[in-house]
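Please read the report below alongside the sequence and the model.

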Amino acid sequence: MASLNLNGIEKSYGSLKVVHGIDLEIADGEFIVLVGPSGCGKSTLLRMIAGLEAITEGEVRIGGSVVNWEAPKDRGIAMVFQNYALYPHMTVEDNMAFALQLAHRTPADIHERVDRAAAMLGLEAYLKRYPRELSGGQRQRVAMGRALVRDPKVFLFDEPLSNLDAKLRVQMRTEIRELQQRLKTTTVYVTHDQVEAMTMADRIVVMNAGRIEQVGTPLELYDRPANRFVGGFIGSPAMNMLEGAFEKTETGTSFRSAQGAVFAVPPQVAGGVVPGAGAFGIRPEDLTLAPGSGLRAKVVVIEPTGAETMLRCVSDGEALTVVLRERPGVLPGDEVELAVRPGAGVWFDAAGRNCAVLKN
């Protein structure tokens, strides 16, 4: 196990720069998730940590040592890929043992490590099978076992669950998190699925266009996004954004949406507000049905999920999503009025920055 430090990491392909000065400190034993839309640079960053991509500028330190020029096999890392990358002509046991054989480990050491990893992953009954005889989840466990037997300083996961069905993804992300908590190995996990990020990470790194937008715990990012990009990306369903303008009067600060609804801005936020254009971000679960509230919308689609009911609405051409614990007696086409739960919502200035962060 070891800490992992990225200092001024940049990546360019000719004149095209795709990663811009990444600085990140990852503590020993921490589970970090890199998340962001396709093309944001998260997988490229992971590959630079692994040594599969050359670093244009900056340093990667593992356990305090610079590893920029070390081969992947010498960095003390183990990587689990999206496509499993198992040898089809080898049994599960041979797939897991292959890297140890290349490292000239003794047969007794190889046998002990493979057996230990198989027991951790529930693969004891499958050691003599071939990959074609396994399910997708079992193949992913073998890929994890192949990484586990090396006792790495750092685990790297590159979207390992994207090929699995929804139910199996939930099961596997729980197993990966439990395994990491048991081993306490420093882990960097790449995904575009922010639900995976929220449920697995100690801290999340939100990336966009080759830059870090915000780093924090899942709940910090959910409750206090630094900007509109983070607010809109973290959370499922996504945060609603009401466009409008801030107004300051003798009685306080308010926000008037484009639909004409007026919301009082809390005093603890008002210090970071500048009169003019802005936006009010509201989580879907923070909207409720409330006749007479002033924010009118038309129900377009109703999506019952059992425990919750999701309303897809439109208000003056702007889409709004409402998540209700109760089962409302409304139908598509009905007009409803919405209210924001007291104390909820995030206020953004014209540049998309969180006004509460500016005040602080």
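The report that follows treats the domain arrangement, then the interface, and then the cavity.

## Domain arrangement

This is a predicted model, and the domain assignment of the protein gives domain 1, spanning residues 4-229, and domain 2, spanning residues 238-348. The centres of the two domains, taken over C-alpha atoms, are separated by 39 Å, and the contact draws on six residues from domain 1 and eight residues from domain 2.

## The interface

The size of an interface is often given as the accessible area lost when the parts come together. For domain 1 and domain 2 the buried area is about 570 Å², with carbon and sulfur atoms giving 53% of that area. On the side of domain 1, the residues that lose the most area to domain 2 are Tyr 222, Pro 225 and Arg 228, which together account for 90% of what that side buries.

One salt bridge is found across the interface of domain 1 and domain 2. Arg 228 also forms a salt bridge with Glu 243, in which the closest N and O atoms are 2.8 Å apart.

## The cavity

The structure holds one cavity of 30 Å³ or more, and the space in the largest cavity comes to about 40 Å³. Its lining is made up of Phe 31, Phe 155, Phe 157, Ile 176, Leu 179, Gln 180 and Thr 187. Strand 7 (154-158) and helix 5 (166-183) are the elements that give two or more residues to this lining, and helix 5 provides the largest share, three residues. By residue class, the lining of the largest cavity has five nonpolar residues, two polar residues and no charged residues.

Methods. Residues numbered from 1 in each chain as written. Predicted model: local features only at pLDDT ≥ 70, side-chain atom pairs only at ≥ 80, totals over all residues. Heavy atoms only, no water. 1 Å grid on protein atoms, 1.4 Å probe; cavity = no way out; pocket = protein on both sides within 12 Å on 5 of 7 lines; lining within 4 Å. Points joined across faces, edges and corners; volume = space filled by probe spheres on them. Helix = DSSP H or I, 4+ residues; strand = E, 2+ residues; numbered from the N terminus. Nonpolar A, V, L, I, M, F, W, Y, C, P; charged D, E, K, R; others polar. Domains from an automatic or database assignment. Contact = heavy atoms within 4.5 Å. Buried area = accessible area lost by both parts, 1.4 Å probe. Salt bridge = Lys/Arg side-chain N within 4 Å of Asp/Glu carboxyl O.
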